[in-house]
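Subject: Structure handover

Hello,

Here is the structure I promised to pass on. Please open it alongside this message.

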Amino acid sequence: MSSSQSAQKEILRAAAHWYSVLCGEDVTEQQKREHAEWVEADPSHQLAWQQVEKLRQQLQSVPGASAFHTLQIKQQQGQKRRAVLRSFAFLAGGASLGSLAWRQTPVNGLIKDWTAGHRTVTGERRELALDDGTQLILNTDTALDLLETDTSRLVRLYDGEIFVRTGSGVSGNEPGRGAKPLQVHTEQGMVIPLGTVFTVRKHPVSTSVTVIEDRVELIPVSAAGQSEFVDAGEQAEMSSGGVAISPASPQMDSWTRGLLVAVDWPLSRLVAELSRYRAGVLRCDPAVAALRISGAYPLDDTERALQAISNALPVRVSRITDYWVTVTALL
Amino acid sequence: MRSSAKTTPFAQMYDAHHGWLRGWLQRKTGCSWQAADLAQDTFLRILTSPRNSAQLAEVREPRSYLTTIARRVWIDFVRRDALEKAWLEALQQQPEPVAISAEEQTLILETLFQVDAMLEGLGEKVSQAFLLSQLEGLRYSEIAERLGVSVSSVKKYMAKATEHCLLLMCEDSL
């Protein structure tokens, strides 16, 4: 076993050597011929060269310059990262990465109360009523902290999605009748309501904001104080460096009523949205991803939603386990 | 979601230890939402790796087994997070805005994650030479100049990095 393994390693080493030759400048015809002879000499050589091809395809599938810079930047940050990992390995407790980064967030006024850890689990929806009448609804799999100071309220949204209706119809920047201005912070920036009703959803690298009534101001963290205004009927995609505004899709707040409304969506989007409300893995086979679908689906019963999808389209729901479900082509 | 009729070793482990693992992760990370995600990812990794699920029935101490895998999941999470931030920073440095769909971005990040993981442990010059050739498309002579080494060293670095990647790729597929 071990001798065949070391033989295999030798073959991989030879394949790597050939690759380093062929990537170089001035490759001679002689070298090309010798390489071809080496590959054809033995099936194990062919297998090894297939691995080289696989590696090359992988490297060519990414945009070279951005990919190179990404890995450069990450390497420079490697030391900091290792320090964090060490603290995880040896210290019990301690702050998470997210809260370390966010400790920098300036908060005006004294902190009166910090209510940490409002969280909904997958499939859960919960409403929080603040004492000034502000209504917060947490969608599935959402985590936030609520921070209250003498003069303001701050929602830190770590994950998931919230619906906000500010209290007494008072805008975020014009406190009155006991209402305090409210701000929502995410990793990507600040959301300041100048109106009353909007939703905020946190994605891995961006935050989307849909404004239902009035107006909202967005300030991305690394945009040097530059802000963008988003009006009712618009939605915005905020990354840490900027904001992109587009017309809002209809019914973006239908989840607050327990419904998912799709209007001519690709099936992959509908399945991805449904999977947010369901424990385990729910995916869409790429072969059927582009099928278009419209409809209203119950969020509290994703099984029924899946049933409705398989009635409407030529697809079936295939189950590997209860935790692993795929929507695939009907055979 | 729970099926009471048929219980696989996976379902048994999930039911018996998921809550405990989440608590353990919460103490480690100090954060309940992250703990919940990491716990879920840990079980998902066991479920999706044939090697792991084959081992399940033989695990004597499920909790120490789970924490071992959870540690790896956490390390990968931190790496992915760092890579994603680096990617965004790199995109912002591009002279012209690039339009990349969310799907493309996911695939690119996944590939970069794998490449980054493969190159870890190689010397700085070795991985630099490899990336400059394969991603930046530089010639060996240009790389040699940039790194201050000879062209034949660049070729050796290339062979070394490639061999390292091939070994890891084959290890995975065994």
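This is a predicted model: local features need pLDDT of at least 70, side-chain atom pairs count only at pLDDT 80 or more; totals for chains, interfaces and linings use all residues.

Residues are numbered from 1 along each chain as its sequence is written, and chains are lettered from A and ligands numbered from 1 in the order in which they are written.

Contact between the chains

In the model, 58 residues of chain A are in contact with 52 residues of chain B; contact here means that the C-beta atoms of two residues, placed from the backbone, lie within 7 Å. On the chain A side, at least two residues each come from helices H1 (2-22), H3 (43-60), H4 (64-90) and H5 (97-102) and from strands S1 (111-119) and S5 (153-165). Helices (H or I, at least four residues) and strands (E, at least two) are DSSP runs, numbered from the N terminus. The most is given by H4(A), with 15 residues. By class, the side of chain A that touches chain B has 28 nonpolar, 21 polar and nine charged residues. Nonpolar covers Ala, Val, Leu, Ile, Met, Phe, Trp, Tyr, Cys and Pro, charged covers Asp, Glu, Lys and Arg, and the others, Gly among them, are polar.

Chain B

Chain B has eight helices and zero strands. Of its 174 residues, 34% count as buried. A residue is buried if 20 or more other C-beta atoms lie within 10 Å of its own, exposed if 12 or fewer, and partly exposed in between, with C-beta atoms placed from the backbone. Among chain B contacts between residues at least 6 apart in sequence, 59% join residues at least 24 apart.

Two packed helices are described by the angle between their axes and the distance between the axes. Axes are lines fitted to C-alpha atoms, for helices over the stretch in contact, and angles run from 0 to 180 degrees between N-to-C directions.

Helices H1 (residues 9-29) and H4 (residues 62-92) of chain B pack at about 55°, with axes 10 Å apart. H1(B) and H4(B) are therefore oblique to each other; angles under 35 degrees count as roughly parallel, over 145 as roughly antiparallel, 65 to 115 as roughly perpendicular and the rest as oblique. Residues of H1(B) in this contact include B:Trp20 and B:Trp24, and those of H4(B) include B:Arg63 and B:Leu66. The contact divides into eight nonpolar, two polar and one charged residue.

H4(B) also meets helix H5 (residues 102-119) of chain B, where the axes come within 10 Å and cross at roughly 120°. Here B:Arg79, B:Arg80, B:Leu83, B:Glu84 and B:Trp87 of H4(B) meet B:Leu109, B:Leu112, B:Phe113 and B:Asp116 of H5(B). This contact has five nonpolar, no polar and four charged residues.

B:Ser141 lies in helix H7 (residues 140-147) of chain B. B:Ser141 counts as partly exposed because it has 14 C-beta neighbours inside 10 Å. Leaving out residues up to four places away in sequence, B:Ser141 touches A:Glu25 and B:Val151.

Strands of chain A

Strand S7 (residues 189-193) of chain A has four of its five residues buried, so it is largely enclosed by the rest of the structure. Three bridges join S7(A) to strand S6 (residues 182-186) of chain A, and the two run antiparallel; strands pair if DSSP finds at least two bridges between them. S6(A) and S7(A) form a hairpin with two residues between them. S7(A) also pairs with strand S10 (residues 215-220) of chain A, in the antiparallel sense over five bridges.

Regards
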